[in-house]
2 protein chains.
Amino acid sequence: MPASSPLLQQLIDALKVLPGVGPKTAQRMAFQLLERNREAGKKLGNALLNAMEHIGQCRCCRTFTEAELCAICSDDVRSQSPLLCVVGSSADLQAIEQTGQFDGRYFVLMGQLSPLDGIGPAELGLNVLEQQLAQGGIAELILATNPTVEGDATAYYIAELCHRHQVTVSRLAQGVPVGGELEYLDGSTLSHAFSGRKSF
Amino acid sequence: MPASSPLLQQLIDALKVLPGVGPKTAQRMAFQLLERNREAGKKLGNALLNAMEHIGQCRCCRTFTEAELCAICSDDVRSQSPLLCVVGSSADLQAIEQTGQFDGRYFVLMGQLSPLDGIGPAELGLNVLEQQLAQGGIAELILATNPTVEGDATAYYIAELCHRHQVTVSRLAQGVPVGGELEYLDGSTLSHAFSGRKSF
Ligand SMILES: [Zn+2]
Ligand SMILES: [Zn+2]
């Protein structure tokens, strides 16, 4: 009811930005919050503002965090691990953490190479990654990019950096379904892919 | 990643309050906003806070609005209509408006009688409705409550008020599927139910 309540219309429109939320679902969400749960609605509003405003990226691995260093990079043991796993997103990092199979450190690209979209090595922080490779202390870099065209191109680029710095590079076994997205895999497929990783 | 980012965890938890949003969907929503659309995330945050804070109910018909009177009750023609349609929620009002079949006024119960949950006539504003019936000017009250046990009980209660004030009362035709929820009906079923309404 656009005329009846501009604020309600604004809320419905704003909810449609969420993935998978169309006009009908947005309307239902708005009414349900207004009718039954205004406190939770305010809490969500504040959580959104806080998160959008204050969550940045870890100075070392680039994952989402409001701290300067994320929990893994602040961990004395994990941050010194000789294994570094490169992932495309914080969600992929999260999915691997949930398998409990990996106790090394990460580097989060926050994307993949896509020259047509203006996403080159600098946008993915690959200069920072190269500094880490140059510093030494990394015995093996594990590529866990998405098994897609862009993910593969990104993997090849990073493998090249590893060769240049004499760092062994491996890649998740092809238990990962081609064309799929890493964050949707079940934990056991991902575990198998991890332990079956091969030289790249 | 609870340890890595408390703000992210708070956002994911807060998103789960939305209907149909489980942990996995909430995580995906949070990451997508953080990665691609922080401005839209802030806009949604502000829209939620504004709506939860400022949207109240129309003094006359009880529908959601931030004004004292909603657009329909402020409309010189519609607010003087001899037809008054009683609905359970603002969403139901919205669904009927979208059929374009009805140009009278509304009364929004914001619920249905449910003594076990402490929802009696006063909670549904039925004292206000009775005042409107007593004032005169309503030739017919159309019951558009949900075709459920509670909706039926509510309809009978209101029909009783109408009889007391010599106001004709009708009810949506039983094109409405029994046990269903009004706001999910397609417009044409709802149109038929409207034009086929019968004396109650
Ligand atoms: Zn980190
Ligand atoms: Zn009104």
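Which residues of H5(A) are buried? Select helix H5 (residues 90-99) of chain A to find out. The buried residues are Ser90(A), Ala91(A), Asp92(A), Leu93(A), Gln94(A), Ala95(A), Ile96(A) and Thr99(A), where buried means under 20% relative accessible area, exposed over 50% and partly exposed in between, with a 1.4 Å probe and protein chains only. With 8 of its 10 residues buried, H5(A) is largely enclosed by the rest of the structure. Just after H5(A), select Gly100(A), which takes a positive phi of about 70°.

This is a predicted model, in which local features need pLDDT of at least 70 and side-chain atom pairs count only at pLDDT 80 or more, while totals for chains, interfaces and linings use all residues. Residues are numbered from 1 along each chain as its sequence is written, chains are lettered from A and ligands numbered from 1 in the order in which they are written, and side-chain values use heavy atoms, with hydrogens and water left out.

Next, select strand E5 (residues 140-144) of chain A. Helices (H or I, at least four residues) and strands (E, at least two) are DSSP runs, numbered from the N terminus. All 5 of the 5 residues of E5(A) are buried, so the strand is largely enclosed by the rest of the structure. Glu140(A), Ile142(A) and Ala144(A) lie on one side, and Leu141(A) and Leu143(A) on the other.

Strand E3 (residues 83-87) runs parallel to E5(A), joined by 5 bridges; two strands pair if DSSP finds at least two bridges between them. Here Val86(A) stands opposite Leu143(A). Strand E6 (residues 168-171) also pairs with E5(A) in the parallel sense, over 4 bridges, and Glu140(A) stands opposite Thr168(A).

Move to the zinc ion (ligand 1). The SG atoms of Cys58(A), Cys61(A), Cys70(A) and Cys73(A) coordinate the zinc ion at 2.3 to 2.4 Å; donors are N, O and S atoms within 2.8 Å of the metal (3.2 Å for Na, K and Ca), and water is not among the atoms, so sites may look incomplete. The donors follow the spacing C-x2-C-x8-C-x2-C along the chain. Cys58(A) lies in the loop between strand E1 (56-57) and strand E2 (64-65), and Cys70(A) in the loop between E2 and helix H4 (71-74), so the pair ties together parts that are 12 residues apart in sequence. Both Cys58(A) and Cys70(A) are buried.
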